[in-house]
Amino acid sequence: MYSEEDLDVMKRFDSYIRKCIKNLSINYDKKEKNKWYSNIILIDNEEDFDIKDELAEFENSILAQEKIFVVKDIYIKVKGEKLIDALTQLSEEQRNILLLYYFEYETDFKIAQRLNSIQRTINNRRKAALNLLKNILGSYGE
């Protein structure tokens, strides 16, 4: 029915498809794991903190507000009054780049495609926007 050469090609193709599915699965798991880890609060030394009070204060002060930003038909929910305020102080382009990169875990290349730009430009603008965001957030502590 099939020659040995045809069977060999079919086996190699089958092997290739299995590897692709495996790698896609691994990438999906990593993305989900990163989303999960981004919601964890790390405490270096538990003796220095009354954990219940600190977490309650943190939740009340920072997580009290939510806002949904829309970037090219993607709805991105952001929690935290200070973060929301800082993001709204950025230009729309800067905010969109940061939201897609840090909340949707998109690469610079994919963001460039979505925003009709060049990957290197997105990379430079993301770094500049992140520095500006850090300065804005740093001014809250002063």
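## Briefing: a predicted helical model with one hairpin

Strand 1 (residues 66-71) and strand 2 (residues 74-79) pair in the antiparallel sense over 6 bridges. Pairing requires at least two DSSP bridges between two strands. The model is predicted: local features need pLDDT of at least 70, side-chain atom pairs count only at pLDDT 80 or more, and totals for chains, interfaces and linings use all residues. Residues are numbered from 1 along each chain as its sequence is written, and side-chain values use heavy atoms, without hydrogens and water.

**Fold**
- The protein has 6 helices and 2 strands.
- Their order along the sequence is α-α-β-β-α-α-α-α.
- Helices (H or I, at least four residues) and strands (E, at least two) are DSSP runs, numbered from the N terminus.

**Hairpin**
- Strand 1 and strand 2 form a hairpin with 2 residues between them.
- Lys 72 sits in the turn, with a positive phi of about 50°.
- Val 70 is opposite Tyr 75 of strand 2.

**Burial and contacts**
- Of the 142 residues, 19% are buried (under 20% relative accessible area, 1.4 Å probe, protein chains only).
- Of contacts (heavy atoms within 4.5 Å) between residues at least 6 apart in sequence, 46% join residues at least 24 apart.

**Surface**
- Accessible surface is about 11,200 Å², with 50% belonging to carbon and sulfur atoms (Shrake-Rupley method, 1.4 Å probe).
- Met 1, Tyr 2, Leu 7 and Met 10 make a nonpolar surface patch of about 520 Å².
- Patch residues have over 30% relative accessible area and no salt bridge, and nonpolar side chains are joined within 5 Å.
- A salt bridge puts a Lys or Arg side-chain nitrogen within 4 Å of an Asp or Glu carboxyl oxygen.
- Tyr 2 lies in the segment before helix 1 (4-37).

Technical notes: Patch = residues over 30% accessible without salt bridge, like charges linked within 9 Å, V, L, I, M, F, W, Y side chains within 5 Å. Buried < 20%, exposed > 50% of the residue type's maximum accessible area, 1.4 Å probe, protein only.
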